[in-house]
Amino acid sequence: MVNTFIKFFNFSGSGFSFLISSLTGKISINGMPVSASIELTNFCNLNCPECLSGSELMSRSRGFMEMSLFEKIIKELEPYVYNLNLYFQGEPMLHPEFFSFLRLTERIHTTVSTNGHFLSEENADKLAISGLNNLIVSLDGIDNESYSAYRAKGNISLVKQGIKNVTEAKKRHSSGPKLIIQVLVNKNNEHQIGQLKHYAREMEASLRLKSMQIINDEAFDKWLPSDRRYSRYKLTDGHYTIKNALPDRCPRLWFNPVITWDGKVLPCCFDKDAQHVMGDLNESSFRDIWNGPHYRLFRKAVFSDRKHIDICRNCTSGLKGVKY
């Protein structure tokens, strides 16, 4: 009961300080984040071309989060956050201690997103009894041709078997995470949305249709679907730009930080290559970073000229009429 009160009080304080900041233009921080994404690793077994990790375009170092760092993060954030995402760049289930991390989040609503290649019967059973709330599995096509167009080095048969394993494990244990099948809608699979909806129902899963982020300027025509509801970009004067108007404010800077595998705190999930490091948890507490000068300056920059901040140019926060 006390923990619930703290979370609610923190949520109210964070929301109120964001509202005041939006109305006055003066940065106010009152509270800790209500959600956070933690990157267990930025290694991946696939080579998806529009993913910074898979495409080998990522310039930051690769590695696996140490358990001692994760324990420090959970100890500090657990009283405040409603939700944890145990993913950012890379494949979280590649971490050799993945299930040990999961055990430490039992008291927090937790989501994992995976490319589905590690959902063996044994792992599916572990997930079913782990207390995990949401499991997102990427399946970008109903057949191998459409799937492999984007999921380079992927094995659709293995992924489908993994999804089936999770569904059956949930039935065996009468428990388990909500299963969400996520599809990056693109030119190669948009005609299969009906089939994917049917497949999701068969697997007793929800279907999430998501627009693709394009990181290679020459690749827009290769990937963008004809149905513009599934495109976050528009063509203006011969160039593709985000449909978002990018107003000079962003709630992510009050609610949703990201922590990389090596303890760097980032402003949001669009800073995939850690270009804007707010602080290092190996050197400071999260609270000191959250209220520190780097974060305040970045929030102020977003409130004064968001359109000219590089990571904001792909941001979907506040974007309406598009699946993202």
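The model is predicted, so local features need pLDDT of at least 70 and side-chain atom pairs count only at pLDDT 80 or more, while totals for chains, interfaces and linings use all residues. Residues are numbered from 1 along each chain as its sequence is written, and side-chain values use heavy atoms, with hydrogens and water left out.

## Pockets and cavity

Let us start with the terms. On a 1 Å grid over the protein atoms alone, a pocket is an open set of points with protein on both sides within 12 Å along at least five of seven lines, a cavity is a set where a 1.4 Å probe fits but cannot get out, and lining residues have an atom within 4 Å of a point. Points are joined across faces, edges and corners, and a volume is the space filled by probe spheres set on them. For residue classes, Ala, Val, Leu, Ile, Met, Phe, Trp, Tyr, Cys and Pro are nonpolar, Asp, Glu, Lys and Arg are charged, and the others, Gly among them, are polar.

| Space | Volume | Lining by class |
|---|---|---|
| Largest pocket | About 1,200 Å³ | 19 nonpolar, 18 polar, eight charged |
| Second largest pocket | About 420 Å³ | 10 nonpolar, four polar, five charged |
| Largest cavity | About 60 Å³ | eight nonpolar, no polar, one charged |

The largest pocket has 45 lining residues, and Y87, F88, Q182, K210 and K272 lie nearest its centre. Which strands each supply at least two residues of this lining? They are β1 (35-38), β2 (83-85), β3 (109-114), β4 (134-138), β5 (178-185) and β6 (206-211). Strands here are DSSP runs of E with at least two residues, helices are runs of H or I with at least four, and both are numbered from the N terminus.

Turning to the second largest pocket, its volume is about 420 Å³. Its lining has 19 residues, with Q213, I214, I215, D310 and N314 closest to its centre. Strand β8 (residues 239-242) gives the most to that lining, with three residues.

The search of the whole structure finds one cavity of 30 Å³ or more. Its lining consists of C250, L253, C268, F298, V302, R306, I311, C312 and C315.

## Salt bridges

A salt bridge is a side-chain nitrogen of Lys or Arg within 4 Å of a carboxyl oxygen of Asp or Glu, and the count by this rule is 10. Below, buried means under 20% relative accessible area, exposed over 50% and partly exposed in between (1.4 Å probe, protein chains only).

In one of these bridges, E78 pairs with R107, and their closest N and O atoms are 2.6 Å apart. E78 sits in the loop between α2 (67-77) and β2 and R107 in the loop between α3 (98-103) and β3, so the pair ties together parts 29 residues apart in sequence. E78 is buried at 14% relative accessibility, whereas R107 is exposed at 64%.

R172 and D125 also meet in a salt bridge, at 2.8 Å from N to O. Here R172 of helix α6 (residues 156-173) is linked to D125 of helix α4 (residues 121-128), 47 residues apart. R172 is partly exposed at 47%, and D125 is partly exposed at 24%.

Finally, D280 bridges to K264 with 3.7 Å between the closest N and O atoms. D280 belongs to strand β11 (residues 279-280) and K264 to strand β10 (residues 264-266), 16 residues apart. D280 is buried at 14%, and K264 is partly exposed at 24%. Shared partners join D262, K264 and D280 into one network of salt bridges.
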